[in-house]
Structure formats: structure tokens, C-alpha cells
Amino acid sequence: MNIIEKILSKAAGMNEVVPDQIIDAKIDYAMINEITGYLVANYFRDVGAKKVWDPNRIAIILDHTIPAPTAEAAELHRIVRAFAREFSIPGFYDVGRGGVCHQVMMEKGYVKPGEVIVGADSHTVTYGSLGAFSTGIGSTEMTSVFITGRLWFKVPRVVKIDVSGEFSKFVGAKDLFLHVAKEIGFSGATYMGLEFGGSTVKDMSVSSRMTLCNMAIEVGAKAGIVEPDDKTTNYVKSKTSDSFTLLKSDKDAEYERTMDIDVTNMSPQVACPDAVDNVTTVSELDNIELDQIYLGSCTNGRIQDLQVAANILKGKKVSTRTRLIVVPASQEIFVEAMNTGLIQTFVEAGAAIATASCGACYGGHLGILASGETCLSTTNRNFIGRMGDPNSKLYLSSPAVAAASALTGQITDPSKLR
Amino acid sequence: MIVDANVLKYGDDINTDLIIPGKYLVITDEKRLGQHAMDGIDPDFYNKSRNGSILVVGENFGSGSSREQAPISLKNAGVKCIVAKSFARIFYRNAINIGLPILECADLWSEVRDGDTLSIVLEQGTITNKMASRIFQANPLPPFILDIIQHGGLLNKLKKSL
């Protein structure tokens, strides 16, 4: 069996599962934010449930609309806050306490290898970076999980992506995924799992593996996953004293298909409007003027990402033809970015810093685009109107390309900076 | 269950941000969500659909976010059933769970026009285009999914079990 089949068979209490089999799985952890979670809280009352299955296996994290930009958003906060208090949920993160839900889930030790985690947010696939099976679900199903602690799954067919070669300077996990998206296509992995492996992935930090798995949903995948190793173990042990099991794919594991990618000589990749698979290399994009650059999100808002950008920006100024918005993915990252001087670098360069949150990524607030504006963002989706007006344009890139472009005001290859 | 309504036809890859843009996710009133359904692709959608419609769409309908507001807004805009060439995974489950019938049928899309009247028998997955007197066969829904839809959604099933 491959790693996903092993995790799902364990969760279903079965010796073996096969692709397309429908199973009933035990859930190890469940997460909601305020956007999806207020529906869960309302549904929970509607059905007359009196208690949650296990308050210690639930996280409630405000992240999309923090601090509340409108009274309507504040109402969502009120509903989930009251729910968290009523059911004594220890894993509740209010405004100023957590940050983007997926980053908080990882930092607080709620994600462990071999476990099954569901979240009412599509980027829940991020936790595959620690060898867990994790996927996004809707609010109605989450209500059922909150009550029963179980959920049905169809065992996915899995595509193995074997990555070899060493990245050039300024090239990394984001570029690799955008390349994969171009190869697989926007809906090319619908209902499937993506297992990332090979020497390049083994050499990657957990932070980079998060970027890879986070974007699995962008090609329709149900899960992205990396086999756990020493890096995984060290990361998890630094976050929790709970025990966990490292499940790995068998040598003779079966896959839907295998893709081999060599990253040697890969140049920075950019997804152009309006689809994540509309990918080209940065050098192909001449004179794309940018009104805004956005650095942040569960995809690329971690300390490693901020460090890469700060190294490029240090002692320089953001071009007066554009604006840069930096949003650390969590409060912990914000503190580390202050302690290491990164925040100082960004502010001195002329960037606006926003509170740890989803920010403008989903088009809510903190950097919404006007009609006709163009933005380069380190986030994960560039759907029409994703960050604001339907007539705005969104390009996606790595933090390195974002920082270089902030200095010039147009899409720029960081290796070409003088 | 039989669904009769007129067709509203759209193309491939209609994602959740087109169905209900992020700025509307703070709206808690389902009727108001319905008024903004498909806002990203057809601002006049609500007026076209409010008296009942069957959405006929292409590949990968509902890709992107896990927001249940996407099927909720469509249901509250009068959509009675969605027939797609294919659906994105989370949207597929969400629609069923809120009791919005959906079917996958590869052949229908190219054979219907906006405004055609369809009659759908959900149990059998048969779709009749009354304008052209033609019958199409969708992939039949598995019994446990049909059961959720016949209950009017997963919450009604949960209520019974508690």
C-alpha cells in the first residue's frame, strides 16, 4: 500500500484498503475558521446536538476576517467564540492569538504523522507535509464530525511525483509546484492524492514541504503528502510530546501514475491570470507593471519566506510605482520576524505590515485590488476577482520573485537584479 | 424525486470564487447569499434563476474553496439541480450534504441550450430535454448519496440519529 492507503486503512480499522473503496474513518483532529465555522456552530444547534465528540481534538481559529473589518464579520467571530466557550475547546485562537489556521495547526502540534485530519478550509491539505492525511470538507460534514468523530472517504488514486536535482538560487518549492500545476493542469488531479518524494523533497525543509502540499488542492487533489522522515520527527517533537506513528509507502506500493521532475536548471515560475496552471517562467514576462505585491498566506507566509524576501529588500526601497504588503502567517512568525529584524527591513523598505491572517488572499480585506489593477502575490489562487475587483489581474510567484518585483515595480527575475 | 425546470448553461472550470466571491462570505442570511450567486460570472444570475432553474455546466464545476456558501447561494437562488460534465471534490460533497441534487453527465452539455426545459428523475439519473424530446443518462447516484438528498441534506439525517 502507499502511505495514503496505509493511513486510511488504520483510520478505518481495516488491514487493507484499495483505491475507490468507500471507508468510514476515525478522525484524529478537526479544524474550523470563522468563515466556515459559524455555519458549523449554527448547524450544531439546529440538529439539537448537546456535546462535541472530543473538545481536545477540535481547533477553532479565527483567520479570514481578523481583526473584524465589518460588523457582519464581527458577528461571525461572536458565533464561533461563543461556541468555543460553551464547549470548552482548548484549541481556540481568537484575534491576536493565532494567525492563518493551517500555520497554527502545524505550530501548535495538532498535526502528527499517520493521522487523519479534516478542516473546513480547502488548504487543509497542507498537513500532508508531516505525513498526515488531511483534506478540506464543508460545514455540514464538519458538523457531523464534531458530533461523531467519523467521516466517510473514497480512497483516492495516488499520483507519485518523484523530484530530483538541486534548485538554483532563488528557485524552490513554489516554483516546483507551479511547474507541476502546468504539467498536471487545473483539474488534473481531481479526487486524487499527490505523493511528493525523491531526493529534492527529502532535502526540503518542513516549511517548503508545506508550500508543496498546500497547493495540491489547486490541481483538484484530495490530499498532498510527503513521507515522514527525521525532519518530520524533529519538527513534531518540537511542538508536542504526544506519540505518533511514522507510516510510509511500501516499496511495491501502487500508483495511478508516476511523474519524474528534475529541478536542475528550473527557473522561477509564475502563474499568470486567471489560472494556476497558466504558468510561464519569469524571464518570459516582460514589462508587466504591478500595482501591488502581496507577501504572505498559508502558502508562503512563513519565516523562511519572509527571510528570502528580506534578504532581497534589505537596505533598499520598494519602487514608488508599486506597493508591498507583508502578512506573516502567524503570531509566532510575526514575533520571530521582529526578533530577527525582518519586520524592520520590510518597514524601512516601505512595505505595509498587516496582522497575521489570511489578509487579502481570498479577497476579504487588507489589500483589495481595484478594477484594472495588477498584483503579484505569493498566495495560492489567481481566480478572476480572487483578490478584489473582477477586472483586476493576479499573478502568483515565490517570495523571491515577489521581493525582486517590489524593487522594480514590474515582474522581475531576482537573479537579474543589479 | 423529479426535478423540472429551465436550463441556465455555463462553461468549464467555474470555481467557488466565481460562484460566491470572498467578499460575500460574511453574509449569514442564506436568502441574501442567493442574491449574489454566480456574481463573479453573471451578475444577472439571480433574476434568471430565482423562479427555479437547472444549472448545466462543463468540467470541474466548483473548484477551489471549501466554502459551503457556494452551493447554499445557488440553492437560494432557485437552482433545483446541477448537471455537470464533472465536479470538484469538495463542492460535490457540499452540494449533496445541503440537499442540492447534482448529477454528472458528459453528454448533456453540448445538447442543450439556455432556456430548454429539462425533467430529471434523480433515482434513475435520467434527464429528458423536453424541447428536443431526447433522453440522457447521468451517472446514477450511489444509494447512500441518494438517501442524503432524499432526506433534504445530511443535517436532517443527523437530526434523526440523535
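Start with one pair of side chains: A:Lys108 and A:Glu332 come together in a salt bridge, with 3.3 Å from N to O. Keep in mind that this is a predicted model. That pair makes a handy way into the boundary between two parts of the chain, so let's look at those parts next.

Where they meet, 35 residues of domain 1 of chain A are in contact with 34 residues of domain 2 of chain A. Together the two domains of chain A bury about 3000 Å², and 56% of that is on carbon and sulfur atoms. On the domain 1 side, the residues that lose the most area to domain 2 of chain A are A:Val100, A:Lys174 and A:Leu178, which together make up 19% of what that side buries.

Now for the polar side of things. The rule finds two salt bridges across the interface of domain 1 and domain 2 of chain A. Between these domains of chain A there are also 24 residue pairs in polar contact, counting pairs with both residues at pLDDT 80 or more.

Which elements give two or more residues to the side of domain 1 of chain A that touches domain 2? They are helix H4 (101–107), helix H6 (173–184) and helix H8 (206–214) of chain A. H6(A) supplies the largest share of that side, six residues. Sorted by class, the domain 1 side of chain A that touches domain 2 has eleven nonpolar, 16 polar and eight charged residues.

Terms used
Residues numbered from 1 in each chain as written. Chains lettered and ligands numbered in written order. Predicted model: local features only at pLDDT ≥ 70, side-chain atom pairs only at ≥ 80, totals over all residues. Heavy atoms only, no water. Contact = heavy atoms within 4.5 Å. Buried area = accessible area lost by both parts, 1.4 Å probe. Salt bridge = Lys/Arg side-chain N within 4 Å of Asp/Glu carboxyl O. Polar contact = N/O pair within 3.5 Å; in protein donor to acceptor, adjacent residues only side chain to side chain. Helix = DSSP H or I, 4+ residues; strand = E, 2+ residues; numbered from the N terminus. Nonpolar A, V, L, I, M, F, W, Y, C, P; charged D, E, K, R; others polar.
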